[in-house]
Amino acid sequence: MKKYILILFAAMTMPLWGAGNQSIAYIDMQYILKNLPSYESANEQLTMISKRWQKEIDAAQQEARVLATNYQTEQIFLSDEMKRRREEEIVAKENEVLELKRKYFGQDGELFKKREALIKPIQDEVYAAIQEVASEKHLDIVKDRSADPALIYMSSKLDISDIVLRKLGAR
C-alpha cells in the first residue's frame, strides 16, 4: 500500500519538478501594435472603410424611415392595393438595410475579411519577432500581459516588448 501511495505522489508531483527551470518573459501586445506604424495605418484604413459602409447603411435606413413616414401619412388615402405595394416596398428597404449590415459587418462580412487581410500579416510578423527574441534569450514561455487578467504584478525586467519592437524595426 505504501508503494502505491509513493508512486501516486511521485506521479502527481512530477510535472512540478521542471517548473522552476523555465524562463518566462512578458510582452504587451497592445503596446507593441500601438507602436507599429503599419498597424496604425491598417487601423486607419479599416476605420475609413467602416465609416463609408456605415454611411451607406445609414442612408438606406433613412430611406426606409422616409418610406414608412410617408406611408403612415398617406395611408388613409391609399387603396388596398397601393397599401400592399407600399408595405412591400418598406419591407424590401428594411431587408436591404439588414443585408447591408450582414454583408459589411456580419460574422464573415467584408470588414472581417478586410481586417484579416490588413492586420493578420502584421500580427504574423510580430509573432515571428517574438519567437526570434524568445529563441535568442532562451525563453521557454512568453505571455501577453495585456491578455492576462489574472496577472497582478510583473517585474519590468521580464517585459521584452521594447526588444520585440526593436526587432521589428520600430522606434
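Is Phe 105 buried, exposed or partly exposed? In this predicted model, Phe 105 is partly exposed, with a relative accessible area of 30%.

**View 1. Trp 53 and Tyr 104 form a stacked pair of aromatic rings.** A search through the whole structure finds three aromatic pairs. In the pair shown here, the ring centres of Trp 53 and Tyr 104 are 4.6 Å apart and the ring planes stand at 5 degrees, which is under the 30 degrees used as the limit for stacking, so the pair counts as stacked. Because Trp 53 belongs to helix 3 and Tyr 104 to helix 4, the pair ties together parts of the chain that are 51 residues apart in sequence. Trp 53 counts as buried, with a relative accessibility of 11%, and Tyr 104 also counts as buried, at 7%.

**View 2. Trp 53 and Phe 105 meet edge-to-face.** Here the ring centres lie 6.4 Å apart and the planes are at 75 degrees, so the pair of Trp 53 and Phe 105 is described as edge-to-face. Phe 105 lies in helix 4 while Trp 53 lies in helix 3, and this pair therefore ties together parts that are 52 residues apart in sequence. Taken together, ring pairs link Trp 53, Tyr 104 and Phe 105 into a cluster.

**View 3. Helix 3 and helix 4 cross at roughly 165 degrees.** The axes of helix 3 and helix 4 come within 10 Å of each other at this crossing. An angle over 145 degrees counts as roughly antiparallel, and helix 3 is therefore roughly antiparallel to helix 4. The crossing in which helix 3 passes helix 4 is left-handed.

**View 4. The largest nonpolar core has 30 residues.** Those with the most contacts inside this core are Ile 32, Leu 36, Val 126 and Val 164. At least two residues of the core come from each of strand 1 (24–27), helix 2 (29–34), helix 3 (37–74), helix 4 (80–105), helix 5 (110–136) and helix 6 (161–167). Helix 5 gives the most to this core, contributing eight residues. As background, nonpolar side chains tend to be buried together in soluble globular proteins.

**View 5. Leu 36 is shown with the residues that it touches.** When residues up to four places away in sequence are not counted, Leu 36 touches Ile 122, Val 126, Leu 165, Leu 168 and Ala 170. Leu 36 and Val 126 are both listed among the residues with the most contacts inside the largest nonpolar core.

Note on methods:
Residues are numbered from 1 along each chain as its sequence is written. This is a predicted model: local features need pLDDT of at least 70, side-chain atom pairs count only at pLDDT 80 or more; totals for chains, interfaces and linings use all residues. Side-chain values use heavy atoms; hydrogens and water are left out. A nonpolar core is a set of buried Ala, Val, Leu, Ile, Met, Phe, Trp, Tyr and Cys residues joined through side-chain atoms within 4.5 Å. Buried means under 20% relative accessible area, exposed over 50%, partly exposed in between (1.4 Å probe, protein chains only). Helices (H or I, at least four residues) and strands (E, at least two) are DSSP runs, numbered from the N terminus. Contact means heavy atoms within 4.5 Å. Rings of Phe, Tyr and Trp (its six-membered ring) pair if their centres lie within 6.5 Å; planes under 30 degrees apart count as stacked, over 60 as edge-to-face and the rest as tilted. Axes are lines fitted to C-alpha atoms, for helices over the stretch in contact, and angles run from 0 to 180 degrees between N-to-C directions. Angles under 35 degrees count as roughly parallel, over 145 as roughly antiparallel, 65 to 115 as roughly perpendicular and the rest as oblique. A crossing is left-handed if the near helix is turned anticlockwise from the far one by less than a right angle, and right-handed if clockwise.
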